[in-house]
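Dear colleague,

Here is the structure I promised to hand over, with some notes on what was found in it. Please keep it open beside you while you read.

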Amino acid sequence: MENTNFGDKNIVPSSFMQTFLIAKYTSIDYLRSRKFLILLIIAVLIGILLTTIVGYFRPSSFLSSPLSFYSSWWGMSVTFIIILSAVFFGGDAISGEFQNKTGYFTVGNPIRRSSIYIGKFLAAVLFSLMILLVFTAITVGNAAYYFNSSSVPYQFIESLLLSVLYIVSAMGLVFFFSSMFKSSTISIIVAVILLLFVFSLLQTLVGTLAHVQPWFILTYGAQSISNVLSNPYPPAVVSLPLSARASFSISSYYVRLGEGVLIMFFYFIVTTVAGLFLFEKKEFN
Amino acid sequence: MQKYSIEALNLNKRYGQFNALSDINLKIEGNKCVGFLGPNGAGKTTTLKIFTDMIKPSSGQAFINGIDVNHEKKKALKSVGALIETPEIYPSLTEREALSMIGQIKGIPKEKLTENIIKVADRVKMKEWLDKKVGKMSKGMKQRINIAAALLGDPDVILLDEPTSGLDPRGMSEVRDIIKELKKENHLIFMSSHILSEVSEICDEVAMINHGKLLAYGSISDVVTKFQSKNKNIVSISFASPLTKLQTDKIKKIKGVIRVEIIDRLNLNITVDSNPKKQSEILSSLVKLKLGLTAFKPSSGLEDAYLSVFKEVA
């Protein structure tokens with residue numbers, strides 16, 4: 001491990017250790033910040049809303065089996081919570097260093113910019129996982145109540161792991177935009193528009209109308225989170241004619257589990273490398 | 001090859017067609033305070049940012065203790081304390097946590113860190129605020145913490161970019177005292193400033209920059225001797241009541257007064273002979289006029305040299 005001892009009074013810690021230092025102090029900042037509290041409230045409110053709806057209306061799509069419960073409950077809401085977490089914690093993580101001038105406090109010290117970037121990334125992922133954990137607890141608690149069992153189907157564990165991967169990849173993408181812009185508002189807006197609207201629109205255009213598998217879209221990969229909760233797993237593609245007489249058809253693509261993992265992993269690697277490169281090159285002026 | 005504490009070698013920084021820095025060559029060594037003077041946009045902050053790897057030079061190199069900052073940042077900045085512009089600190093952190101973060105980044109041993117934090121906080125008169133959140137503090141208080149952060153770990157080289165910016169007059173005076181004390185403790189302080197009186201009070205040497213070009217570097221006395229207007233000095237004079245045109249004309253006629261510049265009806269700048277005896281005679285003449293003279297303040301030699309250097313360039 002690289003320990004930078006230059007024969008003087010202080011021994012500058014390795015970049016690895018400095019990464020954890022940044023993660024530690026960013027975490028303290030997040031823990032006391034309003035954004036963590038707001039996100040926690042949103043996650044709990046979504047949980048309460050679903051609990052109330054299911055408890056009052058008792059929909060059969062939720063209560064026919066434990067797997068269908070998780071599919072309906074988790075599949076419809078978790079990706080939204082993940083996107084919100086990524087945007088809340090990652091949206092201004094790097095752009096804020098420029099706009100709020102917090103970077104001026106740290107960058108002029110014996111620390112690599114990559115340690116700052118990765119440290120902040122780790123803290124953002126950690127706090128997103130905490131939000132996910134709260135929502136998972138509400139979900140499992142409800143399932144245990146309706147099915148009198150604390151055991152969860154293995155498909156839900158798979159879905160949970162895919163959700164963790166989605167957090168990492170979505171955070172990578174949001175950090176990339178945060179590195180690209182010096183304005184926090186712009187980086188947050190671009191990330192929100194892309195993750196909530198543009199990707200969905202592209203997926204519809206490319207998949208449904210152009211009949212091309214949208215393997216290059218992150219949200220398509222993230223659909224594996226809900227797909228694994230379907231029994232049986234949906235077919236790769238379903239094409240339906242628009243009407244009995246029309247020659248035009250629409251297609252629905254369902255990402256395979258392996259493909260979903262690869263797409264999310266690919267996004268994480270590419271966006272993190274690109275984001276780091278941008279942050280290394282960006283000037284504090 | 002001799003290792004200088006700070007060395008700029010053909011340092012250039014371009015933004016498109018604009019040359020922010022042009023072939024800066026500067027070598028500083030020893031324990032002293034060097035003032036870095038220049039008007040707004042001259043290139044002072046750009047130079048300091050290159051020395052802290054906040055920006056990259058277009059060409060040339062910046063060395064600290066013989067180590068290239070842009071290639072071996074961690075090694076080069078190991079013994080540097082820097083305050084560039086007015087940094088913000090994560091608002092949810094307390095002063096102690098913020099200083100602890102920087103101290104740990106610098107590698108101050110855990111057993112010394114607590115003591116070191118108290119020492120620097122005490123030095124900037126922020127000891128009582130150690131456990132208060134930074135977000136609730138004023139701009140001046142934050143700037144004191146930034147100075148404290150720069151002093152953590154007893155750095156050999158201290159880079160300060162307008163350190164008194166944002167401070168009230170008392171704070172400015174305290175920071176000047178801190179810098180004077182640091183000079184006695186084996187530090188090289190390289191400090192940019194707009195305030196000439198501050199530089200002449202604190203610094204031993206001065207570097208002057210304008211339009212990205214280094215125009216002068218040397219001891220204050222050398223620079224003053226070289227650039228001060230020959231046999232002339234500017235004196236600021238103030239009066240208790242507004243002057244009439246007739247009264248101003250009387251001042252113009254005093255023997256030894258070369259030029260009168262009207263700042264407003266209460267304040268004038270007069271260019272006079274730099275000979276102290278002649279200045280004394282001018283002062284006596286002004287008193288005899290009974291115009292309600294309240295101040296007679298000859299400019300420091302540095303101010304005169306500064307104006308002379310930048311007039312030559314303009």
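Is Gln143(B) buried or exposed? Before answering, please bear in mind that this is a predicted model, and that the values below were computed from it. Gln143(B) has a relative accessibility of 2%, and because buried means under 20%, it counts as buried. To find this residue, look in helix 5 of chain B, which covers residues 139–151. Leaving aside residues up to four places away in sequence, Gln143(B) touches Leu83(B), Glu85(B), Thr86(B) and Pro87(B), and also Glu162(B), Pro163(B), Ser165(B) and Leu167(B).

Two cysteines of chain B can be read in the same way. Cys33(B) counts as buried because its relative accessibility is 0%, and Cys203(B), at 7%, counts as buried too. A disulfide is a covalent bond between the sulfur atoms of two cysteines. When the whole structure was searched for such bonds, 0 disulfides were found over all chains.

Turning to the overall build of chain A, you will find 12 helices and 2 strands, and their order from the N terminus is α-α-α-α-α-α-α-α-α-α-α-β-β-α. The C-alpha trace of chain A spans about 75 × 50 × 35 Å along its principal axes, and 51% of the 285 residues of this chain count as buried.

The last part concerns the place where the two chains meet. Here 41 residues of chain A are in contact with 42 residues of chain B, and the area buried between the two chains is about 3800 Å², with carbon and sulfur atoms giving 57% of that area. The rule finds 3 salt bridges across this interface, and Glu283(A) forms a salt bridge with Lys13(B), where the closest N and O atoms are 2.7 Å apart. There are also 23 residue pairs in polar contact across the interface, counting pairs with both residues at pLDDT 80 or more. On the side of chain A that touches chain B, the elements giving two or more residues are helix 1 (15–31), helix 6 (103–106) and helix 7 (113–147). Helix 1 of chain A gives the most to that side, with 8 residues. Sorted by class, the side of chain A that touches chain B has 14 nonpolar, 13 polar and 14 charged residues.

With best wishes

Conventions. Residues are numbered from 1 along each chain as its sequence is written. Chains are lettered from A and ligands numbered from 1 in the order in which they are written. This is a predicted model: local features need pLDDT of at least 70, side-chain atom pairs count only at pLDDT 80 or more; totals for chains, interfaces and linings use all residues. Side-chain values use heavy atoms; hydrogens and water are left out. Contact means heavy atoms within 4.5 Å. Buried area is the accessible area (1.4 Å probe) that two parts lose on being put together, summed over both. A salt bridge is a side-chain nitrogen of Lys or Arg within 4 Å of a carboxyl oxygen of Asp or Glu. A polar contact is a pair of N or O atoms within 3.5 Å; within protein, one must be able to donate a hydrogen and the other to accept it, and residues adjacent in sequence count only if both atoms are side-chain atoms. Helices (H or I, at least four residues) and strands (E, at least two) are DSSP runs, numbered from the N terminus. Ala, Val, Leu, Ile, Met, Phe, Trp, Tyr, Cys and Pro count as nonpolar, Asp, Glu, Lys and Arg as charged, and the others, Gly among them, as polar. A disulfide is a pair of cysteine sulfur atoms within 2.5 Å. Buried means under 20% relative accessible area, exposed over 50%, partly exposed in between (1.4 Å probe, protein chains only).
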